[in-house]
Amino acid sequence: MNSPLLQARNIYKSYPQGAGELEILKGISLDIYAGDALCIVGASGAGKSTLLHILGTLDRPKSGSLFFEHSDLLSYSDENMATFRNRSMGFVFQFHHLLSEFTALENVMLPRRIAGESVRQARAHAEELLSLLSLSHRKSHFPSEMSGGELQRVAIARALVCAPKILFADEP
């Protein structure tokens, strides 16, 4: 049998609240395999986004373990975690989080440039994705010049540009 791509065990997360703590996640465990499509549902405030942020290494749990292809992600330094995240994970958030001073093309190129790829190569990958998402005609436009649907498609292109092994989408 295949081993999990991402494995979470006994994840706990809480936030300070007054004199105590508000427990958000209480012992969450799950395995995600390559090719899986997983939907996390629940009431507003139930901890869905918090769980996605922890699984996506954007936040750390209070306790528990998180493994990606058998590597202990919680043992990584913040810098190593950022490098890992850039190369292995893609994110589409509720709000697109595009950088307003960059064009659609530049926003999509950014993760590959951060990974050290040349401008020429990053541009080629970004243009290919924008074309696949029917956005070639918008590549020189800034976020303020695009519709909500176009902004989300640019955000999806940005999430996919480094060919991540796992994609997280939080109510995109």
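1. His-70 sits in the loop between strand 3 and strand 4 (71–72). In this predicted model, its phi is positive, at about 70 degrees, although the residue is not a glycine. Most residues other than glycine have a negative phi. His-70 is exposed, because its relative accessible area of 60% is over the 50% cut-off.

2. Thr-57 also deserves a look. Its phi is positive, about 60 degrees, and Thr-57 is not a glycine either. Thr-57 belongs to the loop between helix 1 (48–55) and strand 3 (63–68). Buried or exposed? Thr-57 counts as buried, because its relative accessibility of 8% falls under the 20% limit.

3. Rolling a probe the size of a water molecule over the atoms shows where empty space is left. The structure has 1 cavity of 30 Å³ or more. The largest cavity holds about 60 Å³ of space.

4. Which elements supply at least two residues each of the lining of the largest cavity? They are helix 1, strand 5 (89–92) and strand 6 (166–169). Helix 1 contributes the most, with 3 residues.

5. The lining of the largest cavity includes Ser-49, Leu-52, His-53 and Leu-58. Phe-91, Val-92 and Phe-93 line it too, as do Phe-168, Ala-169 and Asp-170.

6. By residue class, the lining of the largest cavity splits into 7 nonpolar, 2 polar and 1 charged. Asp-170 is among the lining residues, and Asp counts as charged.

Key: Residues are numbered from 1 along each chain as its sequence is written. This is a predicted model: local features need pLDDT of at least 70, side-chain atom pairs count only at pLDDT 80 or more; totals for chains, interfaces and linings use all residues. Side-chain values use heavy atoms; hydrogens and water are left out. Helices (H or I, at least four residues) and strands (E, at least two) are DSSP runs, numbered from the N terminus. Buried means under 20% relative accessible area, exposed over 50%, partly exposed in between (1.4 Å probe, protein chains only). On a 1 Å grid over the protein atoms alone, a cavity is a set of points where a 1.4 Å probe fits but cannot get out, and a pocket is an open set with protein on both sides within 12 Å along at least five of seven lines; lining residues have an atom within 4 Å of a point. Grid points are joined across faces, edges and corners, and a volume is the space filled by probe spheres set on the points.
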